[in-house]
Amino acid sequence: MSTLDTILATELAARRPLTLSEATRIAALAEIEARRIALPVCIALCDAAGEPLLFHRMDGALPASITLAPAKARTAARYRMGTDELGRQTQPGAMLEGLGAAETGTVLFGGGLPICAGAAVLGAIGISGGTVEQDMQIAQAATRGHWGAALTKGQVK
């Protein structure tokens with residue numbers, strides 16, 4: 001197989017949806033990190049189009065997080081970037097200025113991250129229940145632990 005064939009085969013294999021089994025594993029990784037920092041959160045995972053795959057609410061999570069976690073996941077999937085990066089891009093003078101006012105349900109602060117394999121977005125995770133930094137920490141820990149997941153723009157190492 002040529003180098004080009006190998007690259008194409010790898011990319012095509014990556015262009016498949018996140019499965020429920022994988023979403024369940026990623027949610028478990030998120031809960032492990034949330035428990036490690038003693039923070040009850042809501043965890044939502046969606047497919048690459050932003051459609052729901054899984055919702056998990058830890059005991060004691062804030063009621064507002066029930067709405068925010070899925071919105072963060074949906075936003076990260078649909079815009080193909082972390083919600084923190086999207087928030088920066090919507091500031092005055094930035095490339096996407098005004099987006100927040102134009103689209104209802106878009107989250108413009110951290111806690112949502114795309115889940116990638118190579119260049120392909122397979123789905124996204126949304127975490128809500130703590131500070132923006134805590135939500136990002138949990139989302140990053142969960143995506144780092146998933147096979148093939150890669151940090152993308154908007155995700156901090």
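Here are a few notes on this predicted model, taken point by point.

1. Start with the main core. The largest nonpolar core holds 22 residues, and the ones touching the most other members are Val41, Ile43, Leu45, Ile125 and Ile127. At least two residues of this core come from each of H2, E1, E3, E4 and H6. H2 gives the largest share, 5 residues. As a rule, nonpolar side chains in soluble globular proteins tend to be buried together.

2. Ile43 is worth a click. Setting aside neighbours within four places in sequence, Ile43 contacts Ala27, Ala30, Glu31, Leu54, Phe55, His56, Ala69, Ile125, Gly126 and Ile127.

3. Now helix H6, residues 132-144. The buried residues in H6 are Asp135, Met136, Ile138, Ala139, Gln140, Ala141, Ala142 and Thr143.

4. Two backbone spots to check. Ala38, in the loop between H2 and strand E1 (42-47), has a positive phi of about 55° even though it is not a glycine. Ala38 counts as exposed because its relative accessibility is 63%, and the cut-off for exposed is over 50%.

5. Arg80 is the other one. This residue sits in the loop between H3 and H4, and its phi is also positive, near 60°, in a residue other than glycine. With 44% relative accessibility, Arg80 counts as partly exposed.

Terms used. Residues numbered from 1 in each chain as written. Predicted model: local features only at pLDDT ≥ 70, side-chain atom pairs only at ≥ 80, totals over all residues. Heavy atoms only, no water. Buried < 20%, exposed > 50% of the residue type's maximum accessible area, 1.4 Å probe, protein only. Helix = DSSP H or I, 4+ residues; strand = E, 2+ residues; numbered from the N terminus. Core = buried A, V, L, I, M, F, W, Y, C linked by side-chain atoms within 4.5 Å. Contact = heavy atoms within 4.5 Å.
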